[in-house]
Amino acid sequence: MPLPELIEIVPLSKEQLRSFQWKKAEIMVPGSKSITNRAIVLAALSKGKVILKGALWSEDTEAMVDCMKRLGIEVDVAMDPELDANRIITIQGCNGQLPKGGTEAAPLELFVANAGTAARFLSAMVCLGHGVYRISGVPRMHERPQKELIEALRKLGYRVDTPNNKLPALFFGKGPVRGSVTVSVEDSSQFASALLLSSRAGEWDVSIPAGANPDELPYVEMTRELLKAFPHNGGEFQIEADASSASYFHAVNALFGRIQPAKVLACQPPKCKGGTGWQIDAEFPRLAPLNEKMYSARQQVAECWKGFYYFVSRCLLGHENIHDPYIISRKTHLGDSIMTAITISGLADGPYAFVQLGVMRKQECERVKALYDELRKCKFRVIESGDTLEVLPVRNEVSPGNARISTYHDHRMAMCFATLGLALPGLKIEDPSCVRKTVPSFFQILAAPPPKGLGVEIWECDPSGDRVRRLEDPKDLEPRK
């Protein structure tokens, strides 16, 4: 049986934590969703056969592969011997000439589910075809921003029919059209990435507005670096492990810093320590809020230095109040893993302010409000002001936890609060199967006995929240379709 509709995460016990002092969990993180879906597009447009190794296999990447097959691209998907959650994807490039297309009366249908990367990247790619394509998704995908990308494609000379500049939409391909275009990235940096990925085949010169700060567009920089490194004439390409997904397991170490239960394998280190710098979320271990009661003297010194760094930064900006919060930005410090940081920050020793969160309101759910509401259920002190969430330390007289968490069909909400449940009692997660979007094996990793997992107790609950049975068989921890 797949995952039930409601589960309870049981905190790690003292005995479990003690066991991790001698033998760590060795966590293999699946491939990067962001890199996998970018690489699939580049491989499809390439001049030869490309083998993608370590590619993530999840709802979002399956949607992309399915759309490629519908376009007539030859795609072979094989198991990855290194990790069950990954695949080896072999793609025969079409040299920028899409094999299939529909007509205005019978457009070629492409369903992207709720995959923002697939929706945006395919919108640009299908314009290189010679036919009509209809891109659609789930209802939430039809609410998500698409306007600036559609307007950019129209400026390049392509016809796009949609009543509201969102999906579903009809795209009229006419092949490469040499031209220059500037695209706004205010609502999503994926608009620029979509155009860049097809720019070689489309002969497009793509730019972002003059006032845009490259440091605030890490995913666009990822795309630019990927374009430089990719084997466009055929060859092999290794997908990095997903740094956003790794954040949940790094967060376990932040929650239990004295013990550091998990060794996260095969992930890129931060750029300052020699990493590629493609994934901004590789910075998470450096910036993660630490549980004051659970880390060592050495880590306390490091945390003091981090606090000193932020204090000096605030003084330079003219804010000299020593009680000002540590500031973490969604634009310059972390990407999607900022949700993980927000979720665990209530257990830190000082206040945190998470700023420039506006883009999160237009993603899989209204994430700023969702985090605010669910953290308040857990008895955390949270203040929402504009596009900032400030999280204050828990008062001594308050025992946080014992909450039923709504996930809003958002994979990251489920994984963030399941991670928090390792330190707080009584957290019940609704619709845990939504993790299939990016890490279908997430609950299997949590529950697997060490060293392949953390040995977490996960219980099926009935609608009233009472425990029914412990979920131990990996098949019981697979997401529902």
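1. In this predicted model, α13 and α14 are roughly parallel to each other. The angle between them is about 30 degrees, and an angle under 35 degrees counts as roughly parallel. Helix α13 covers residues 367–377 and helix α14 residues 411–420, with the two axes 11 Å apart. The crossing of α13 past α14 is right-handed.

2. On the α13 side, the contact is made by Arg367, Ala370, Leu371, Glu374 and Leu375. They meet His411, Arg412, Met413 and Phe417 of α14. Sorted by class, this contact has 5 nonpolar, 1 polar and 3 charged residues.

3. A second pair is formed by helix α2 (residues 33–45) and helix α3 (residues 59–70), whose axes come within 10 Å and cross at roughly 10 degrees. These two helices are therefore roughly parallel to each other as well.

4. From α2, the residues Lys33, Thr36, Asn37, Ile40, Val41 and Ala44 touch Asp60, Thr61, Met64, Val65 and Met68 of α3. The contact of α2 with α3 has 6 nonpolar, 3 polar and 2 charged residues.

5. How many disulfides does the structure hold? There are 0. For Cys94, the closest cysteine sulfur is in Cys127, 14 Å from its own, which is too far for a bond. Cys378 is likewise in no disulfide, and the sulfur of Cys416, the nearest one, is 12 Å away.

6. Are Cys94 and Cys378 buried or exposed? Cys94 is buried, at a relative accessible area of 14%. Cys378 is also buried, at 0%.

Note on methods. Residues numbered from 1 in each chain as written. Predicted model: local features only at pLDDT ≥ 70, side-chain atom pairs only at ≥ 80, totals over all residues. Heavy atoms only, no water. Disulfide = S-S within 2.5 Å. Buried < 20%, exposed > 50% of the residue type's maximum accessible area, 1.4 Å probe, protein only. Axes fitted to C-alpha atoms, helices over the stretch in contact; angles between N-to-C directions. Helix = DSSP H or I, 4+ residues; strand = E, 2+ residues; numbered from the N terminus. Parallel < 35°, antiparallel > 145°, perpendicular 65-115°, else oblique. Contact = heavy atoms within 4.5 Å. Nonpolar A, V, L, I, M, F, W, Y, C, P; charged D, E, K, R; others polar. Left-handed = near helix turned anticlockwise from the far one by under 90°.
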